[in-house]
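Hi,

Here is the structure we talked about. Please open it first, then read my notes below.

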Amino acid sequence: MAFAFSTKFAERPDHFCEWLARRGLGCEGAFVTRAVYGRYLREALGAAMERYGRRLKLVDDEVLDIEERGGRVTLGLVNGGRIEADCAVLAVGNLPPHDPPAVADGRLPARIYVGDPWATPFEEGLAPGAPVLVIGTGLTALDVILRLVSHGFDGPIVAMSRRGLRPHRHVENLPRPKPVLAKPAPELSALVRWARRAARTTDWRLVVDSLRPITQMMWASADGPKRARFLRHLRPFWDVHRHRLAPSVADRIDALVASGQLCFEPGKIAKVSATESGAAVEWRPRGSDELKILHVARMINCTGPQGDLLRSSDPLVRRMLAARRIRPNALRLGLDIDREGHVIDGHGRASEHILAIGPMTRGDHWEVVAVPDIRVQVSALARRLVNAHWIAGEEL
């Protein structure tokens with residue numbers, strides 16, 4: 001799938017575009033694959049290693065625990081080694097998707113149910129024409145659908161979520177959005193009305209994008225109940241308008257729908273039973289009390305990354321939770337942190353030497369899953385850690 005990525009340097013907004021142009025891979029406004037962006041990051045890291053090799057060391061291992069004592073931190077590794085440091089930054093990224101309640105008992109065999117599509121070759125072993133159920137209708141689901149089709153899968157695909165919403169198409173050659181620099185409405189309902197009125201005179205994509213400069217400010221100013229209402233009622237609509245599809249990807253999805261191979265269904269899975277050929281899925285269409293049955297050869301969980309630490313199987317997260325060195329955010333959106341990014345422990349105390357960045361801080365920052373937001377967060381943290389008050393020619 002193609003995505004619109006951006007530079008990793010907050011102070012050099014054209015760096016990625018320049019990199020693409022030098023390699024003939026695109027220019028400003030281009031949509032590129034995750035693989036291309038991964039290549040960009042590897043090359044940038046390689047250049048940093050070559051230039052700052054004595055300051056940067058990569059350790060190929062897994063951290064099992066982080067302890068804080070004596071004004072320092074100690075990281076315990078899988079291989080038995082230990083790393084002593086002045087501070088540690090949790091940059092664990094997204095947690096794998098949680099299993100839906102109907103399959104959470106773990107009774108379905110791996111050939112039928114794929115819990116994490118990024119950790120499993122889900123496209124293998126499917127018979128020609130075998131039906132597949134994709135749980136979720138967001139970007140992860142569309143990525144999985146296109147991967148199935150690109151590997152020659154020709155069977156029917158049903159993509160199901162509670163509302164059946166899928167990401168909207170982006171439009172090329174739009175003008176730059178005019179940033180909104182002040183909160184346009186105090187309440188969520190009024191904000192929706194403002195956005196609808198604004199979209200009558202300009203493309204709705206520009207309206208959504210114009211809010212980016214103040215999205216984190218609005219989230220920070222909202223109290224717990226207001227944030228909970230947003231997550232309960234507006235988050236699905238925000239996601240499909242905010243995280244959009246490249247036109248070429250939207251064309252491929254539309255073609256699959258038009259051909260009848262792909263169908264989006266709004267509904268909720270009630271019960272799943274294993275059968276000889278796969279699974280019988282009992283589901284309830286949205287707005288109906290009637291149960292329907294769908295027979296599939298494979299179910300793929302594409303509900304996307306989750307943030308509930310209490311449901312995580314990650315060894316580091318589980319151990320730090322058990323030791324009360326971290327705690328979940330009040331809305332179960334990752335880690336609880338203070339304003340400077342220090343993790344808050346199970347006793348309500350902010351750590352002095354353990355910090356967090358990235359999607360696991362979403363509960364406090366919300367818009368911190370896309371590259372432009374993460375790069376600003378990383379840059380600010382790096383400058384604070386080294387007591388830098390400006391960024392010089394060395395990019396720090």
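Is Glu43 buried, partly exposed or exposed? Glu43 counts as partly exposed, because its relative accessibility is 31%. The cut-offs are these: buried means under 20% relative accessible area, exposed means over 50%, and partly exposed is in between, with a 1.4 Å probe and protein chains only.

Two notes before the rest. This is a predicted model, in which local features need pLDDT of at least 70, side-chain atom pairs count only at pLDDT 80 or more, and totals for chains, interfaces and linings use all residues. Residues are numbered from 1 along each chain as its sequence is written, and side-chain values use heavy atoms, with hydrogens and water left out.

**Salt bridges**

A salt bridge here is a side-chain nitrogen of Lys or Arg within 4 Å of a carboxyl oxygen of Asp or Glu. By this rule there are 20 salt bridges.

Start with Glu43. Its partner is Arg39, and the closest N and O atoms are 3.3 Å apart. Both residues lie in helix H2. They are 4 residues apart, about one turn of the helix. Helices here are DSSP runs (H or I, at least four residues), as are strands (E, at least two), and both are numbered from the N terminus. Arg39 is partly exposed, because its relative accessible area is 36%.

Next, look at Arg147 and Glu123. They form a salt bridge, with the closest N and O atoms 3.1 Å apart. Arg147 is in helix H3 (residues 139-150), while Glu123 is in the loop between strand S7 (113-114) and strand S8 (132-135), so this pair ties together parts that are 24 residues apart in sequence. Arg147 is partly exposed, with a relative accessible area of 27%. Glu123 is buried, at 16%.

Asp345 and Arg349 form another salt bridge. Here the closest N and O atoms are 3.5 Å apart. Asp345 counts as buried, because its relative accessibility is 12%. Arg349 counts as exposed, at 51%.

There is also a network. Salt bridges link Asp65, Glu67, Arg69 and Arg325.

**Aromatic pairs**

Rings of Phe, Tyr and Trp (its six-membered ring) pair if their centres lie within 6.5 Å; planes under 30 degrees apart count as stacked, over 60 as edge-to-face and the rest as tilted. The structure has 8 aromatic pairs. One of them is Phe16 with Tyr37, an edge-to-face pair at 5.1 Å centre to centre, with 90 degrees between the planes. This pair links distant parts of the chain: Phe16 sits in helix H1 (residues 15-22) and Tyr37 in helix H2 (residues 34-51), 21 residues apart. Phe16 counts as buried, because its relative accessibility is 3%. Tyr37 is buried too, with a relative accessible area of 7%.

Trp19 and Tyr40 also form an edge-to-face pair. Their centres are 5.4 Å apart, and the angle between the planes is 65 degrees. Trp19 is in helix H1 and Tyr40 in helix H2, so the pair ties together parts that are 21 residues apart in sequence. Trp19 counts as buried at 3% relative accessibility. Tyr40 counts as buried at 1%.

Phe16, Trp19, Tyr37 and Tyr40 form one aromatic cluster.

**Surface patches**

Patches are made of residues with over 30% relative accessible area and no salt bridge; like charges are joined within 9 Å, and nonpolar side chains (Val, Leu, Ile, Met, Phe, Trp, Tyr) within 5 Å. Accessible areas come from the Shrake-Rupley method with a 1.4 Å probe; for residues, only the protein chains shown count as cover.

Arg162, Lys268, Arg284 and Arg286 form a positive patch. Lys and Arg count as positive, Asp and Glu as negative, and His and the chain ends are not counted. The place of a charge is NZ of Lys, CZ of Arg, CG of Asp or CD of Glu. Arg284 lies in strand S11 (residues 279-285). Arg284 counts as partly exposed, at 32% relative accessibility.

Val89, Leu385 and Val386 make a nonpolar patch of about 220 Å². Val386 is in the segment after helix H11 (371-385). Val386 is partly exposed, with a relative accessible area of 44%.

Best wishes
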